[in-house]
Amino acid sequence: MPKVAWIIGGGSGIGAAVARLLADEGWTVAISGRRPERLAEVAEDRAGIHPYPLDVTDEAAVAATVAAIAEAFGRIDLALFGAVATQPTRVGEYDLAKYRAAFETNLLAFVGVVERLIPQLEKQGGGRLAAIASLAGYFGVPRSGAYAASKAALMILLETMRTELAPKRIIVQMVAPGFVKSELTDRNKYPMPWLMETDAAARRIVDGLTRTNRFEIAFPWQMVWLVKTMRWLPYGLFFWVAARMMPKAS
């Protein structure tokens with residue numbers, strides 16, 4: 001019997017590429033997102049992909065979607081949360097509306113999904129739960145306060161869940177990519193070092209989620225090394241380096 005995956009954010013970018021790869025490997029894949037027409041395009045492109053339009057900030061709709069997928073396919077072996085709100089800000093701008101929007105989608109919507117998904121995973125005896133965070137969540141990147149802070153909060157939550165849900169046979173994993181070609185990165189007007197092709201990033205994610213149980217799936221290695229080195233620096237040196245980054249981001 002094919003395994004069942006639910007990809008939230010599966011209508012475009014990394015989510016769509018992950019959905020296609022999983023379908024190619026024999027999975028039954030449910031995809032969700034706000035744009036029904038994009039979901040339909042992905043579903044038409046591959047047998048085994050099924051669209052479930054969803055606004056992840058709508059709690060009732062999330063509950064209904066979890067129930068619908070479980071009823072249709074019997075279980076959910078893997079859930080990948082890839083919904084995202086970037087909310088770029090100018091240097092020194094702290095717009096509450098932008099921060100609220102970033103946290104609403106990047107963190108709180110994930111909690112809403114988890115709240116309704118965990119009972120289903122427990123009922124079926126376990127499963128795999130993952131979310132796409134970002135290497136931006138490892139340190140304070142100028143002009144990315146709302147996005148980076150919400151992703152950092154998501155990463156801390158995933159660490160907590162990894163420990164708490166292990167006794168329930170639920171494997172929690174965190175995906176932390178660098179720059180990947182997508183509709184979102186196409187809008188960026190600044191340099192994006194080690195920019196990856198969408199399919200290459202999706203391959204890393206699928207391999208990490210289906211062939212390993214490791215918590216952190218982070219790439220590319222050059223960017224991972226850079227951001228983790230930044231986090232290890234003494235604060236005096238850290239803020240000196242961060243200040244050197246600011247003119248390029250403004």
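Mentor: Strands in this model are DSSP runs of at least two residues, numbered from the N terminus. Keep in mind that the model is predicted. What would you like to look at?

Trainee: Is Val 172 buried or exposed?

Mentor: Start with its surroundings: beyond four places in sequence, Val 172 is in contact with Leu 129, Leu 158, Met 161, Arg 162, Leu 165 and Phe 215. Its relative accessibility is 0%. Buried means under 20%, so Val 172 counts as buried.

Trainee: How far apart in space are Val 172 and Thr 160, C-alpha to C-alpha?

Mentor: In sequence these two residues are 12 places apart. In space, the C-alpha to C-alpha distance between Val 172 and Thr 160 is 9.4 Å.

Trainee: What is the relative accessibility of Ser 32?

Mentor: Ser 32 sits in strand E2, residues 28-32. Past its sequence neighbours within four places, Ser 32 is in contact with residues including Trp 6, Gly 9, Leu 39, Tyr 52 and Thr 65. This serine counts as buried, and its relative accessibility is 0%.

Trainee: Which helix holds Ala 146?

Mentor: Ala 146 is buried, at 0% relative accessible area. The run of residues 145-165 includes Ala 146, and that run is helix H5.

Trainee: Let's turn to charges. How many salt bridges are there?

Mentor: Side chains of opposite charge can pair when their charged atoms come close. The cut-off here is a Lys or Arg side-chain nitrogen within 4 Å of an Asp or Glu carboxyl oxygen. By that rule, the number of salt bridges is 16.

Trainee: Asp 24 forms a salt bridge with which residue?

Mentor: The closest N and O atoms of this pair are 2.8 Å apart, and the partner of Asp 24 is Arg 46. Asp 24 is in helix H1 and its partner in the loop between helix H2 and strand E3, so the bridge ties together parts 22 residues apart in sequence. The partner is partly exposed, at 25% relative accessibility, and the name you want is Arg 46.

Trainee: How many residues apart are Arg 116 and Glu 59?

Mentor: Arg 116 forms a salt bridge with Glu 59, with closest N and O atoms 3.2 Å apart. The pair links distant parts of the chain, helix H4 for Arg 116 and helix H3 for Glu 59, and their separation in residues is 57.

Trainee: Is Asp 77 buried or exposed?

Mentor: Asp 77 forms a salt bridge with Arg 75, at 2.7 Å between the closest N and O atoms. Arg 75, at 27% relative accessibility, is partly exposed. Asp 77 comes to 14%, so Asp 77 counts as buried.

Trainee: What volume does the second largest pocket have?

Mentor: The figure is about 220 Å³. Of its 14 lining residues, the closest to the centre are Lys 3, Asp 77, Gly 127, Arg 128 and Ile 171. By class, the lining has four nonpolar, five polar and five charged residues. The volume, then, is about 220 Å³.

Conventions. Residues are numbered from 1 along each chain as its sequence is written. This is a predicted model: local features need pLDDT of at least 70, side-chain atom pairs count only at pLDDT 80 or more; totals for chains, interfaces and linings use all residues. Side-chain values use heavy atoms; hydrogens and water are left out. On a 1 Å grid over the protein atoms alone, a cavity is a set of points where a 1.4 Å probe fits but cannot get out, and a pocket is an open set with protein on both sides within 12 Å along at least five of seven lines; lining residues have an atom within 4 Å of a point. Grid points are joined across faces, edges and corners, and a volume is the space filled by probe spheres set on the points. Ala, Val, Leu, Ile, Met, Phe, Trp, Tyr, Cys and Pro count as nonpolar, Asp, Glu, Lys and Arg as charged, and the others, Gly among them, as polar. Helices (H or I, at least four residues) and strands (E, at least two) are DSSP runs, numbered from the N terminus. Buried means under 20% relative accessible area, exposed over 50%, partly exposed in between (1.4 Å probe, protein chains only). Contact means heavy atoms within 4.5 Å.
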